[in-house]
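Open the model in your viewer and keep the selection tool ready. We will go stop by stop.

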Amino acid sequence: MAETKKILVIDDEAGIRRLLASILSKAGYETHMASDGKEAMSLVKEESFDLAILDIFMPAPNGLEVFEFLKNAFPKLKVIIMSGISAYNERFFEFVIGNTAEAVIEKPLRAAPLRKLVASVLAPA
């Protein structure tokens, strides 16, 4: 039997955080939530996660700082970046993916594409 994958959802917007956790829990993943970068950085030191879904635009530490911490401290942790700001998308997404994010998604999120993306990112190589 396959081990349940653990996902950490990091977003300062409570509604988005709960929605993502609900969608992913119903899809069979073990989900944990962090309301800011500081909480996320503390949680990953205490527990092992397979994937982090990280809002890039958060108060300090911001998403880029958290992303850098995660990739330096836990290089095997997969990270999906999410953002509600589309003005920066093309160049920003190229930068983030070029710096080892597995994917970038835009808010608002839809359940089916999110589940498909997460399954793809967590699939064995």
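Is Glu102 buried, exposed or partly exposed? Select Glu102: with a relative accessible area of 34%, Glu102 is partly exposed. Keep in mind that this is a predicted model.

Lys71 forms a salt bridge with Glu102, and the closest N and O atoms are 3.8 Å apart. Lys71 sits in helix 3 and Glu102 in the loop between helix 4 (89–98) and strand 5, so this pair ties together parts 31 residues apart in sequence. Lys71 is buried, at a relative accessible area of 14%.

Next, select Lys107 and Asp11. Their salt bridge brings the closest N and O atoms to 2.8 Å. Lys107 is in the loop between strand 5 (103–106) and helix 5 (111–122), while Asp11 is in the loop between strand 1 and helix 1 (14–26). Both Lys107 and Asp11 are buried. Glu13 has 41% relative accessibility, so it counts as partly exposed. The structure holds five salt bridges.

Move on to the helices. Helix 2 and helix 3 pack at about 10°, with axes 10 Å apart. They are therefore roughly parallel. Show Gly37, Met41, Val44 and Lys45 in helix 2; they meet Val66, Phe69 and Leu70 in helix 3. Five of these contact residues are nonpolar, one is polar and one is charged.

Last stop: the largest nonpolar core, with 19 residues. Select Leu8, Ile10 and Leu54, which are among those with the most contacts inside it. A separate core has 17 residues, including Val9 and Ile23.

Conventions: Residues are numbered from 1 along each chain as its sequence is written. This is a predicted model: local features need pLDDT of at least 70, side-chain atom pairs count only at pLDDT 80 or more; totals for chains, interfaces and linings use all residues. Side-chain values use heavy atoms; hydrogens and water are left out. A nonpolar core is a set of buried Ala, Val, Leu, Ile, Met, Phe, Trp, Tyr and Cys residues joined through side-chain atoms within 4.5 Å. Buried means under 20% relative accessible area, exposed over 50%, partly exposed in between (1.4 Å probe, protein chains only). Axes are lines fitted to C-alpha atoms, for helices over the stretch in contact, and angles run from 0 to 180 degrees between N-to-C directions. Helices (H or I, at least four residues) and strands (E, at least two) are DSSP runs, numbered from the N terminus. Angles under 35 degrees count as roughly parallel, over 145 as roughly antiparallel, 65 to 115 as roughly perpendicular and the rest as oblique. Contact means heavy atoms within 4.5 Å. Ala, Val, Leu, Ile, Met, Phe, Trp, Tyr, Cys and Pro count as nonpolar, Asp, Glu, Lys and Arg as charged, and the others, Gly among them, as polar. A salt bridge is a side-chain nitrogen of Lys or Arg within 4 Å of a carboxyl oxygen of Asp or Glu.
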